[in-house]
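Subject: Handover of a structure

Dear colleague,

Please find below the structure that I am passing on to you. My notes on what was found in it follow.

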Amino acid sequence: MAMADPSRPLMTDGLGRRISYLRISVTDRCDLRCRYCMAEKMQFLPKNQVLTLEEIALLADLFIARGIRKIRLTGGEPLVRRDIGDLVRRIGRHIGAGLEELTLTTNGTRLADHAEMLADAGVRRINVSLDSRDPERFAHVTRGGKIEQVFAGLDTARAAGLAVKINMVALKGVNDDEILSMLRWCGEEGFDLTLIETMPLGDTGEDRTDHYLPLTHVADLIRADHALTPLSHRTGGPARYHAVEGMGIKLGLITPLTQNFCADCNRIRMTCEGKIFMCLGHEDHVDFKSALREGGLPAVEPLIDQALRLKPAAHDFRIGAGEGAATRRHMSVTGG
Ligand code: SAM
Ligand code: SF4
């Protein structure tokens, strides 16, 4: 078992930021095609370019030995990866022995089948993406998703004892009229809610500028009805949290465009191809897959230090007419 290994240096980047949070995209595939995330016709990676579950587990072991304390599995949709339970159980064995937390971000469509497995493996909290509670609107945003699957997943997750946070991408003209009712519903259900600004990642065949909604405006709108008290609570991710008066839940705001959160960034990301990206908004990366396949773990370890030197001071997301995507990578490849 890979406890943090005192003989190995912890991961600190060139700016002194301690890296303790790893997001792993376990697949680029997904059963939905959310308009802000993917194009309708996506070209997915050939299987041999994607890390096997065993390779992901070995790399996770190494990262935990180098001081990663929190791992989030994401994608694509992590629960469409065959035998995902094997990986969750394998990484879950480190919880309390090096790893503090294993979490997952999911679209919820297959959660009903997997929630118990997640809880049994030591997962305590999950993020479920839900941009609308209206069945037709949900089907529109996801290009064909069936919302009843997500509601069934949420019920099973609650029964399994998993704490749920709802992720909602705030989209002007699509779901902005639903933000307050989503907040109140989350209050009734006991789910925290995180609102996310749409980020310019990958070509989706649609213009995200049309739907970009700055969350500073949304927060003002919410404040008109519910007092928001900023909290010092952090989960290791980019969200800034607020207590919502009278609701007993937290509201998180992820504002890559209106308020950059890079100064205290502790995160790195591993794509399903084994590329380590030090920042969601930059193309610089280090390829662990070739090193692992050619030289095994000893060949990978020096690359961690190379990757740390690549971490930039800040992302440079902008949204505006003609600016296109900040990176050609879709969020589903790098892992949201
Ligand atoms: N399929 C899972 C899901 O939807 O939760 C996990 C992967 S998804 C890429 C992770 C999160 O990224 C989701 O909450 C999704 O809404 C968000 N996301 C995807 N593309 C985005 C974009 N361009 N801007 C902002 N958030 C995005
Ligand atoms: Fe799939 Fe998640 Fe992207 Fe939607 S946001 S297309 S569910 S990966």
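How many aromatic pairs does the structure hold? The structure holds three of them, where rings of Phe, Tyr and Trp (its six-membered ring) pair if their centres lie within 6.5 Å, planes under 30 degrees apart counting as stacked, over 60 as edge-to-face and the rest as tilted. One of these pairs is stacked: phenylalanine 63 and phenylalanine 288 stand 5.9 Å centre to centre, with 5° between the planes. Because phenylalanine 63 belongs to helix 1 (residues 53-65) and phenylalanine 288 to helix 8 (residues 288-310), the pair ties together parts that are 225 residues apart in sequence. Helices (H or I, at least four residues) and strands (E, at least two) are DSSP runs, numbered from the N terminus. Phenylalanine 63 and phenylalanine 288 are both buried, a term for under 20% relative accessible area, with exposed meaning over 50% and partly exposed in between (1.4 Å probe, protein chains only).

Tryptophan 185 and phenylalanine 191 form an edge-to-face pair, because their ring centres are 5.6 Å apart and their planes are at 70°. Tryptophan 185 counts as buried at 10% relative accessibility, and phenylalanine 191 is buried with a relative accessible area of 4%. Together with Phe151, Trp185 and Phe191 make up one aromatic cluster.

Before the remaining points, a word on conventions. This is a predicted model in which local features need pLDDT of at least 70 and side-chain atom pairs count only at pLDDT 80 or more, while totals for chains, interfaces and linings use all residues. Residues are numbered from 1 along each chain as its sequence is written, chains are lettered from A and ligands numbered from 1 in the order in which they are written, and side-chain values use heavy atoms, with hydrogens and water left out.

Ligand 2 is surrounded by Cys30, Leu32, Arg33, Cys34, Cys37, Met38, Gly76 and Asn107, each with a heavy atom within 4 Å of it. Within this shell, Cys30 is buried, at a relative accessible area of 18%.

The cysteines form zero disulfides, a disulfide being a pair of cysteine sulfur atoms within 2.5 Å. Cysteine 186 is buried, with a relative accessible area of 0%. The unreviewed UniProt entry annotates Cys262, Cys265 and Cys279 as "binding site"; such annotations may be inferred rather than shown by experiment. Of these, cysteine 265 is found in the loop between strand 9 (250-254) and strand 10 (267-270), and is buried at 11% relative accessible area.

Yours sincerely
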